Amino acid sequence: MTGQLSFPRQYARTQRFSLGAPRALTVAPDDSRVVFLRSRSGTDRANLLWVHDLETGREYPAADPAALLGGVDEELSAEERARRERSREGSAGVVGYAVDQSVQLAAFALSGRLFATDLRAGETRELPVAGPVVDPRPSPDGRRIAYVAQRALHVVEADGSGDRALAAPESDEGTVSYGLAEFIAAEEMDRARGFWWSPESDALLVARVDDASVRRSWISDPAHPGQRPVEVAYPAAGTPNAQVTLVLSGLDGSRTEVEWDRERFPYLARVHWSASGPPLLLVQSRDQRGQRCLAVDTATGGTSTVHADEDPVFLDLFPGVPAWTPDGRLVRIADEGGARVLMVGDRRLTSGALHVRAVLDIGEDDVLFSASPDTEEAAARGGGAAGERAERPGEVVVYRAWFRGSGDQGGWEAVGERPRAVHSAVRGGEVIALTRATLDRPGGTVELIRPGYDDAKRPRESVVAEIASYAERPVITARPRLLSAGERRIPCAVLLPEGYREEDGPLPVLMDPYGGPHGQRVLAAHNAHLTSQWFANHGFAVIVADGRGTPGRSPAWEKAIRDDLARVTLEDQVDALRALAADHPLDLDRVAIRGWSYGGYLAALAALRRPDVFHAAVVGAPVTDWRLYDTHYTERYLGDPERQPAVYAANSLVTDEGLADAAEPARPMMIIHGLADDNVVVAHSLRLSSALLAAGRPHEVLPLSGVTHMTPQEQVAENLLLLQVDFLKRSLGMV
């Protein structure tokens, strides 16, 4: 039956084909088992906790939410709903878990209740604690579990006894919490955690968040006027952030405040605590041009600088760093010599041939990391390290680099085969769980690999096992052509209708970008281009262009948008379109653009400021007035609105005076926004609509009742695609 569905319905029902795919993998340090989440089918939202036994090959569910809840629907607390919205989590069941150091005990929350799983036995039990439980995490020794409930950090013995609050708010005012990440950390810093166990399991570092000074927003649902609006502490650009401090809480009841210069470095971006050294903090200045890596003295709470970074534009944050090697050297990702490189201590492990993206694991003598080989340096000299090509847009590869031992002189090497793909990985002892999504097949694969060498000292890897995916196979096939366009080599994907022939002539064009910071769309992965292919099959030549600001290229490429988001990102869309028109069947008299979030902003920007190029726009959840968007993201690119009001005005679609720099003629525009969106609040679209109306510009507005920044509801997600293609065809005269 599923194969008979239309693509929009299948895409919505499968949550973009993510359901049924293995995720959140953990490999035990003794390589005995792999733990992961996966639902039973490609249309089942409820994830189970699974164990794959590498010794026997047996795979079994260790926790089934349907059995644990007895068929009762899940109930989510406000804190859990907020966590899922920040992580864009749309599935159900076990959506996250944490394990002890030996990967024998797992803990997770389900419907606000605490569950613990013996991963060897495959048995799960509920622990009777006060809830609703958020983010439970076992201690490294597996004897206790810490969790958050009612804004307090609790600790309970693994057998369910001795539950107690270790750090709790000092009053009932409701503005202080312990153990939770504040909005800005979870939404923009990729820090979803608020507490960290000591390696000895005898203490925790706990974030204390006080959001009393943060400006409030109220999110209402006009379709249900009898419901109270939801109050959200939302730090808009130029306004106060939450006050974040750290407390070292011992299980013996001791409490030590961690001290650093919070006035100069108010952002707590990263925390790392391992047996290889003292706790590490990465703290940032408000303008994100300065940051410090600090070591914490656990006896006094004092901190000392391990490394300092300054940048005249801004500093990025990266997954997996900072961290210690087992011999006590600092691992970090740095921008040096125009490249993004991997550093261990003072030693640079990679060259400009790779653009390092994340540290995935640190071993006894090597670092597992991901990187893109399509870099500025590689292009300039026609290639990178051995086997690298200059032109590989959209590719992400997993590598190993050595910092000591027998491989010390070997530089780096790729892990696994090298098809055109997007890779990621986790590691246990030696076994690596390598996730791969390629251009030539739907979905992805998970291989369990044991690296090694042959007699000639050449890398040789054996595939120990594979983790099966139950994801649905799409009813359409994406056929993107990945290439670089124009003088700036803008990474692009071009998709034509299935069965298109040259004699069919030029096609109406649909630009389908994200186009903004940290939002790469041109990826060497089949499923990433399915929606674009569906639009192409309706008669469009679809172009996805990743202009300046998108990741994977070079630090200069990402930072070129500072103070100039609007001009730079729009210019790259226009340049990519014109460059591709030289050898692709593009009808430049019929060009539309669609996007969501930053892409929605870019789509509106295109229709308003370059109507000579763009003839229609679908504008989804756009930021229209940058003064309304959050601090960490907005100020990184546009600075302080009080100090740079002209910069904000130039980059916004609307100002207090109305439309900003809108050109003639007016172009058709469909504006879509979820009324429950607490990230890009609906005020953005309402102000845009009001300004368009005041300027006498016709447009369509599609309000989505009860919908947040993501659209997990099946019927809503399906109909959004259908309504968009109908609007685009009408606007470009295709019907």
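The model is predicted, so local features rest on pLDDT of at least 70 and side-chain atom pairs on pLDDT 80 or more, while totals for chains, interfaces and linings use all residues. Residues are numbered from 1 along each chain as its sequence is written, and side-chain values use heavy atoms, with hydrogens and water left out.

Side chains of opposite charge can pair when their charged atoms come close. Searching the whole structure for salt bridges (a side-chain nitrogen of Lys or Arg within 4 Å of a carboxyl oxygen of Asp or Glu) turns up 63 of them.

One of these pairs joins Arg-340 to Asp-316, with 3.4 Å from N to O. Arg-340 belongs to strand β27 (residues 339–344) and Asp-316 to the loop between β24 (303–310) and β25 (323–324), so the contact ties together parts 24 residues apart in sequence. Here helices (H or I, at least four residues) and strands (E, at least two) are DSSP runs, numbered from the N terminus. Arg-340 is buried at 3% relative accessible area, and Asp-316 is buried at 8%; buried means under 20%, exposed over 50% and partly exposed in between (1.4 Å probe, protein chains only).

A second example is Arg-730 with Glu-700, whose closest N and O atoms are 3.3 Å apart. Helix α13 (residues 714–731) holds Arg-730 and strand β46 (residues 700–704) holds Glu-700, so this pair links parts 30 residues apart in sequence. Arg-730 is partly exposed at 40%, as is Glu-700 at 29%.

Finally, a network of salt bridges links Arg-488, Arg-548, Asp-564, Arg-567, Glu-571, Asp-572 and Asp-575.
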